[in-house]
Amino acid sequence: MNRHRLPLLAFLLLPVLLGACCQIQPVVKHRAIQVQFDKASREDNLADVGHGTSSGYGFVASQLSEDFIATLPDARLKANAWMMRAIAESRTSKFNQALTSAQNGLQAGPAPHMRDHILLTLVPALTIDTEAVTAWRAAGKAFTLDQYQTHAGTAYPTAISYLRKAQALYGAETDENTRHYVVFQQWRMLLNWDAMINRMTEEEPVRDDAARRASSAIGGPSLLKQARAARESIPASSPYRALADSLSATSP
């Protein structure tokens, strides 16, 4: 064998190997961030309705910079990264950034009808809910009528419309776990909205009127009945049904 051939071959392969490393490293980091995101999501889901969020979301958002996402080798990974960043930003009260990240994720081209496509479409609903709950907690979980109208009365119908838009994207490719997650979030939103009405500082006729307007705005019976129907529509075999049942049992 020509003694110069191996060094020459190694020299020619070097750019290929370096290119492969440049692609592999972002993917490895992306997978590690996914682990942290899944952990934060589990902690978040286990929180009582209307209480706190996982501190892990802040770490996830800080790791998913725009420059890092640009290094990911395909559109599917980019869309997934934007989805994680959008939800993390939403749950850490970075509301405008969350909406921008969700749009960036949709523009990245997620696979139609799949989890990332559905969740990126759902982000505005999650953001509205988190913003309303944050304001409600700051008010001691007792809105005045004006505060309710500002933070919930007009916001939650918009949130439900985004949720229904996400559900309208379902297709044969949409997995059951994603469908159950969306319904779980619907259940939480309806319960949060109902609590904001029932705990208003106003007299009962004012609260009753707000409740009637809320159910009329989204076309159904009372918010509590709609929440119960959403929870019961999740199969008993789903972990999200078990989670909803558990949280229902511990909620005041």
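This report covers the fold, helix packing and backbone features of a predicted protein model.

## Model and conventions

The model is predicted: local features need pLDDT of at least 70, side-chain atom pairs count only at pLDDT 80 or more, and totals for chains, interfaces and linings use all residues. Residues are numbered from 1 along each chain as its sequence is written, and side-chain values use heavy atoms, with hydrogens and water left out.

## Overall fold

The protein has 12 helices and 0 strands. Both element types are DSSP runs, numbered from the N terminus: helices are H or I with at least four residues, strands are E with at least two. The order along the sequence is α-α-α-α-α-α-α-α-α-α-α-α.

The protein has 252 residues, and 43% of them count as buried. Buried means under 20% relative accessible area, exposed means over 50%, and partly exposed lies in between (1.4 Å probe, protein chains only). Take contacts with a separation of 6 or more: residues 24 or more positions apart account for 71% of them. A contact here means heavy atoms within 4.5 Å.

## Helix α6

Helix α6 has 24 residues. From first C-alpha to last, α6 reaches 33 Å, close to the 34 Å expected at 1.5 Å a residue. The expected span is 1.5 Å times one less than the number of residues. Of the 24 residues of α6, 19 are buried, so the helix is largely enclosed by the rest of the structure.

α6 also carries a kink of about 40 degrees at L122, shortly before the proline P124. The bend is the angle between axes fitted to the seven residues ending at a residue and the seven starting there.

## Helix packing

α5 and α6 pack at an angle of about 175 degrees, with axes 9 Å apart. The two are therefore roughly antiparallel. On the α5 side, the contact uses F95, A98, L99, S101, A102, G105 and L106. On the α6 side, the residues include L120, V123, P124 and T127. Axes are lines fitted to C-alpha atoms, for helices over the stretch in contact, and angles run from 0 to 180 degrees between N-to-C directions. Angles under 35 degrees count as roughly parallel, over 145 as roughly antiparallel, 65 to 115 as roughly perpendicular and the rest as oblique.

Helices α9 (residues 176–198) and α11 (residues 223–233) pack at about 160 degrees, again with axes 9 Å apart. This pair is therefore roughly antiparallel too. Its crossing is left-handed, meaning that the near helix is turned anticlockwise from the far one by less than a right angle (clockwise would be right-handed). Among the contact residues are W187, L190, L191 and W193 of α9 and L223, L224, A227 and A230 of α11.

A40 sits in helix α1 (residues 5–46). A40 is buried, at 1% relative accessible area. A40 and A88 are 48 residues apart along the chain, and their C-alpha atoms are separated by 8.7 Å.

## Positive phi in loops

Most residues other than glycine have a negative phi. S93 is not a glycine, yet its phi is positive, about 65 degrees. S93 lies in the loop between α4 (75–91) and α5 (95–108). S93 is partly exposed, with a relative accessible area of 36%.

K141, also not a glycine, has a positive phi of about 55 degrees. K141 belongs to the loop between α6 (115–138) and α7 (145–153). K141 is partly exposed at 22% relative accessibility. G140, which follows α6, has a positive phi near 75 degrees.
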